Amino acid sequence: MRVMEEEQPEEEKNSVEEEENSESTPIFMHKEEIEEILGYKFVNKTLLEEAFTHPSFFDPRVSIQPCINYERLEFVGAAVLDLVIAKEMFILYPRFSPGKLSRLRAANVDMERLARVAIKFGLHRYIRYKKTFRIDEQIREFSEATVEYPVNSNGLIYVPRFLAHVVEAIFGAVFIDCNSSMDITSSFLTVRKIIKGLLEPLVSPETIEEHPMTELQEFCQKNKLKLKIVKDLKIKENKKVSVLVNDTLIGIGTHGGKQEIAQNRAARSAIDNLRSNNTFSFVFKPFEKIVGFLNQEEEPDLEEEEEDHENHLSDIDWQLKVYEVQKILGYEFNDKSLLAEAFTHPSFYDGDDERDINSVYKKISYERLEFIGDSTLNMLIVKEMYYLYPDLTPGRLTRITAANVDNEKLARVAIKYGFHHCLRYDTPHLARQIEVFCEELLDYPMHSNGLIDEPKCLADLVEATVGAVFIDSNFSLDTVWKVVSEILKPMMGHEIVEKHPMAELLEFCQKNRLKIELVKDLGNNNSTKRVDIYVEDNLTGTGIHEVKKEIAKNRAAKAALDYVNMNKSTLIAETNSTTFSFVERTNPAIESS
């Protein structure tokens, strides 16, 4: 007989639920304060409420279900922010390589920097959340930590990510609010003004600081030192990481909850010690070969000097094909040199020194245009997916967006419109790689989900073309969208996008408590990569690829998935496992076939 618990009075229940939430009054009560901080008045006030609502919050007076929160707006805002900063860096530093531009962009949009913006302008005071989630405590601890690190800790302190998410959601809310009455370009310019107001001064080449782990790796590589990172997994409460250089303990880092922060602190400690003359002279015994992290694997260099490779297009042929490209795009360039730049592979000219962020970028190739085109394309597709699927979660939206802008999708666009015939390059193997890719497309009419090797330069070419249109049209996103919406047809929709084979296999095995083991034979740099997958000790799939281990892994997962779907009932009936387990190991004894 089940004993019925005494039901709480409705009034008392509501008061408890309201107490658990950080704010029972609507955010409309604070809208003037927030709008004054942003310098923008919202037309749709519910967007403002949505941007400041943590996923933990719900309003007991409306529904017992979680209400709409900032996650979808954050999805949009992150893409808008990325493009704003990419555009600023592109214009401010016309002689910088894309690698240096990427570093500057990352420094301006990272989680810690955005969380600091939330604290600086007091935006955290308006966030609605459930008190039981320790959010007050996290905000207080972060605020205190920023006093110790006034600028940026570079991963040495814990950052409440929800603070950064709220800032991104605010940018998304402004963009969506503007876009209801303005064109894309005007909406973007409005958000840009707000972003610059909140984020200035932007991180510059003079103020950027290297991440501790990056700095440590570069230091060890430069001085030919053996680097080893040791993580103490026995201690569950306190995370501890040690750094050994040439087998000598150089740095230790700890943190109460995050192993990544412990690793960053260990790296910072190691760098400080290595820069000390006494310590450095003690460990400075260079190895003949640079040794990086344990289990670090290197891809073979396909562009070895086998033979001279001349550009496959004469200047006259190339110019004729470029005119054809303009017809395909439906856009005539004012500055034809931008189109020439977009269709020039980096191999066509010599490179420059990437190590010094202040060095001059001498290369005339598609790389800088690809940098700005990538952010432009991503923002436009994010906007489109947001409006097309108003009920989808950010996770699902991210998958659909990725399927429409990933390397394989864009490489397919390049082949479809014959852009690869216009590409100027001077590198071995590229023509053959493109030829093989064209042949493999016949087996996968829509998308292979990582089963074939697309030449990345084809995707880069499409992104660079988008970037060229963006620059040439005086940064008109509406003009770019007319081009993009045509060449990307058909778009990968919600009903078409499939799960990645490895993700689907893991999900199946986890649901049915099956044991899965992945065995990799990586061979040497010049041998075939092979991956075997065992489910309940049965070999269920093997994947092979001549060059890339990731493709071999995906092919093995697809084969294993086909096997388990055919033998589902038998596998589940015969399993001895009580819990799901996943083991991944490297077995050099496997003979590559």
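1. A residue is termed partly exposed when its relative accessible area lies between the 20% under which it is buried and the 50% over which it is exposed. Lys31, with a relative accessible area of 22%, is therefore partly exposed. The model discussed here is a predicted one.

2. Lys31 forms a salt bridge with Glu32, with the closest N and O atoms 2.8 Å apart. Glu32 is likewise partly exposed, at 43%. A search of the whole structure gives 27 salt bridges.

3. Two further salt bridges lie within helices. In α18 (residues 430-441), Glu435 and Arg432 are three residues apart, about one turn of the helix, and their side chains meet at 3.1 Å, N to O. Glu435 has a relative accessible area of 42%, and Arg432 one of 44%. In α22 (residues 549-566), Asp562 and Lys558 are four residues apart, and their side chains meet at 3.0 Å. Asp562 is partly exposed at 35%, as is Lys558 at 32%.

4. Glu88, Arg192, Lys196 and Glu200 are joined in a network of salt bridges.

5. Helix α6 (residues 111-120) is largely enclosed by the rest of the structure, because nine of its ten residues are buried. The buried residues include Glu112, Arg113 and Arg116. Among the elements covering the buried residues are α4, α5, α7, α8 and α9. After α6 comes Gly122, whose phi is positive, near 70 degrees.

6. Asn154 is located in the loop between α7 and α8 and counts as buried, at 14% relative accessibility. Its side chain makes a polar contact with that of Glu209 at 3.5 Å. Residues touched by Asn154 include Glu112, His211 and Asn264.

Note on methods: Residues numbered from 1 in each chain as written. Predicted model: local features only at pLDDT ≥ 70, side-chain atom pairs only at ≥ 80, totals over all residues. Heavy atoms only, no water. Buried < 20%, exposed > 50% of the residue type's maximum accessible area, 1.4 Å probe, protein only. Helix = DSSP H or I, 4+ residues; strand = E, 2+ residues; numbered from the N terminus. Contact = heavy atoms within 4.5 Å. Polar contact = N/O pair within 3.5 Å; in protein donor to acceptor, adjacent residues only side chain to side chain. Salt bridge = Lys/Arg side-chain N within 4 Å of Asp/Glu carboxyl O. Lists of a residue's contacts leave out its neighbours within four places in sequence.
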